[in-house]
Amino acid sequence: MTAITVNLNPIIQLTDNQFYQLCRENPEVKFERNADGKLLIISPTGGITGNKNAEIATDFAIWNRQTKLGACFDSSTCFKLPNGANRSPDVAWIKKERWDKLTPAEQEKFSPIAPDFVLELMSPSDSLQETRAKMQEYINNEVKLGWLINRKMRQVEIYRLGKPVEILEFPQELSGEDILPGFILNMEIVWG
């Protein structure tokens, strides 16, 4: 991920509400925050990556509307992970029971919950090392299933809670396994 890291900690340690307000006051900037409280300013994606992200998110939204098993989120959604980081995966999904346990105020702001599923689609300018570290952070924070899609290398890395990373070479489809029951992502929308 192409990101600029800004360490404000020696000057001010932003509260969750201050970080939320910073994001609201600067809607043209995509911020994340790591577990150390450092701000990450994320560059926007290019046209091809943005198009692929939209196509992938659409497949998740259609599946979720049909199954009514949870809530889907796009790349503009920020979650407060248990380690304190604020992260925005390209696609995220949370089981209905878990989402419904949050208060309306928690659902409205940067929800204090780790998604059950996350997906990151690498842009050409993204760092593989940084994106892998972000995926591992998700898993370390109780995300159950994560997909890191690397279009350039035509690979998918599958992250599962409590298991080693599995790397697939040019898969034609991905299964949501028991986390996303019945969901299949046709990879033609990614590779094509």
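Strand β2 gives the largest share of the lining of the largest pocket, three residues. Strands here are DSSP runs of E with at least two residues, and helices are runs of H or I with at least four, both numbered from the N terminus. The model is a predicted one, in which local features need pLDDT of at least 70 and side-chain atom pairs count only at pLDDT 80 or more, while totals for chains, interfaces and linings use all residues. Residues are numbered from 1 along each chain as its sequence is written, and side-chain values use heavy atoms, with hydrogens and water left out.

The largest pocket has a volume of about 610 Å³. Of the 34 residues in its lining, Lys 30, Ile 42, Ser 43, Ser 75 and Ser 88 are the closest to the centre. Two or more lining residues come from each of α1 (16-25), β2 (30-33), β3 (39-42), β8 (117-121) and α5 (128-140). Sorted by class, the lining holds 14 nonpolar, twelve polar and eight charged residues. For this count, Ala, Val, Leu, Ile, Met, Phe, Trp, Tyr, Cys and Pro are nonpolar, Asp, Glu, Lys and Arg are charged, and the others, Gly among them, are polar. A pocket is an open set of points on a 1 Å grid over the protein atoms alone, where a 1.4 Å probe fits, with protein on both sides within 12 Å along at least five of seven lines; lining residues have an atom within 4 Å of a point. Grid points are joined across faces, edges and corners, and the volume is the space filled by probe spheres set on the points.

Turning to the aromatic residues, the structure holds twelve aromatic pairs. One of them is formed by Tyr 20 and Phe 110, edge-to-face at 4.9 Å centre to centre with 70° between the planes. This pair links distant parts of the chain, with Tyr 20 in helix α1 and Phe 110 in the loop between α4 (104-108) and β8, 90 residues apart. Tyr 20 counts as buried at 14% relative accessibility, and Phe 110 is buried at 15%. Phe 73 and Phe 79 form an edge-to-face pair because their ring centres are 5.2 Å apart and their planes lie at 90°. Both Phe 73 and Phe 79 are buried. Rings of Phe, Tyr and Trp (its six-membered ring) are taken as a pair if their centres lie within 6.5 Å, with planes under 30 degrees apart called stacked, over 60 edge-to-face and the rest tilted. Ring pairs also join Phe 60, Trp 63, Trp 93, Phe 117, Trp 147 and Phe 183 into a cluster.

Not counting residues up to four places away in sequence, Thr 49 touches Leu 121, Met 122, Ser 123 and Pro 124, where contact means heavy atoms within 4.5 Å.

Gly 146, in strand β9 (residues 145-150), is buried with a relative accessible area of 0%. Beyond four places in sequence, Gly 146 touches Val 118, Met 135, Ile 139, Glu 157, Ile 158 and Tyr 159. Asn 83 sits in the loop between β5 (79-80) and β6 (86-87) and is partly exposed at 30%.

Finally, the backbone deserves a look. Most residues other than glycine have a negative phi. Lys 68, however, has a positive phi near 55°; this residue lies in the loop between α2 and β4 (70-73) and is exposed at 61%. Phe 170 likewise has a positive phi, near 50°, and lies in the loop between β11 (166-169) and β12 (173-175), where Phe 170 is partly exposed at 39%.

Conventions. Buried means under 20% relative accessible area, exposed over 50%, partly exposed in between (1.4 Å probe, protein chains only).
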